[in-house]
Amino acid sequence: MAYCYFNGGMVDENEVSLSIHNFGVHRGFGVFDFFRMRDGKYSFIQDHLDRFEKSQRFMDLSHIIEQDEIREAVDTLRDWNGYTDAGFKLMLLADGKDSDAELSPLFFILQSDLSNHESAPYASVILHEYVREYPQIKTISYFTSNMLHRKKAKAGAIDVIYHKDNLISEASRSNVFIVQGGVFKTPAENILEGITRKQVLEVASQVGSIEVTNVTIDDFFTADEIFICSTLKEICPIVEVDGNSVGSGKVGPLSRKINQLFQQKLMD
């Protein structure tokens, strides 16, 4: 049995019920965030809470769920479920009717056991022309990514890289970095400013120059190295794009170095 936090209290996951009339479900109107706990220690939790608050305020509901409530609920979940390595998913759906002047937040937290989780040592990706609506917040809308699940599976791809007007933006669930001539480059626009991306920018400064700038499709295909990063993927080197090898087709030395520094940061 696993517990979750649902609308103000601790509940057995199997006993939670969500109305089929919920506004957020019907309209796809909701936001979320996800962070990890490693060896009983939360990873970058304040950054995640700040981003979740930003997403809540963007929705403009009747009120927000305060960070103190979230922290208390997270601590309680940690104690009740007893996981050492886990993921916490903060979910907020709008609740109410079309005719309501204000919509209310329906908030819950799911905790997942990640004791057996292993990040991929390397992977391939595919490209797709698309820019997320409101990329600056973490919405529950993954229609485009899910629509491409067959194409991803056929290509053996871990994720989809979005682009528009010849510019790379982000992956469907990750941020993107390329390495050209020893310089790290990551897109500046039409992205979710990922928490892992923030950490990578910090550790990359110890290794070489960094440019937060436009990254073209040509840059992407001629890069010496590519890696994507996220809470679950951590640092994932990309060795193939749309069936084309990246650089030597193997994990590059700077991607490997960034991963080492990131793992050290997790232990701090």
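In this predicted model, 27 residues line the largest pocket, and those nearest its centre are Phe32, Lys138, Tyr142, Arg173 and Ser230. The space inside the largest pocket comes to about 570 Å³. Several elements contribute to this lining: strand 3, strand 5, strand 9, helix 6 (195-204) and strand 14 (225-230) each provide at least two residues. Sorted by class, the lining of the largest pocket holds eleven nonpolar, nine polar and seven charged residues.

The second largest pocket has a volume of about 260 Å³. Its lining is made of 14 residues, with Gly28, Glu133, Tyr134, Thr139 and Ser141 closest to the centre. Strand 3 and helix 2 each give two or more residues to the lining of this second pocket. Here the classes divide into eight nonpolar, four polar and two charged residues.

Now for the sheet. Strands of a sheet pair through backbone hydrogen bonds, in either a parallel or an antiparallel way. Six strands form an open sheet in the order 2-1-6-5-3-4, and the pairing is antiparallel. Strand 2 (9-12) and strand 4 (41-42) each have a single partner because they stand at the edges, so one side of each lacks a neighbour in the sheet. Strand 5 (residues 86-95) and strand 6 (residues 104-113) are joined by ten bridges; Leu93, for instance, has Leu106 of strand 6 as its bridge partner. Helix 2 (residues 45-59) packs on the sheet, with a direction at about 175 degrees to that of strand 3 (30-38). Helix 3 (residues 67-81) runs at about 30 degrees to strand 6.

Finally, Ser169 sits in strand 9 (residues 167-171). With a relative accessible area of 5%, Ser169 is buried, and its contacts include Tyr130, His163 and Glu189.

Terms used: Residues numbered from 1 in each chain as written. Predicted model: local features only at pLDDT ≥ 70, side-chain atom pairs only at ≥ 80, totals over all residues. Heavy atoms only, no water. Pairing = 2+ DSSP bridges. Helix = DSSP H or I, 4+ residues; strand = E, 2+ residues; numbered from the N terminus. Contact = heavy atoms within 4.5 Å. Axes fitted to C-alpha atoms, helices over the stretch in contact; angles between N-to-C directions. Buried < 20%, exposed > 50% of the residue type's maximum accessible area, 1.4 Å probe, protein only. 1 Å grid on protein atoms, 1.4 Å probe; cavity = no way out; pocket = protein on both sides within 12 Å on 5 of 7 lines; lining within 4 Å. Points joined across faces, edges and corners; volume = space filled by probe spheres on them. Nonpolar A, V, L, I, M, F, W, Y, C, P; charged D, E, K, R; others polar. Lists of a residue's contacts leave out its neighbours within four places in sequence.
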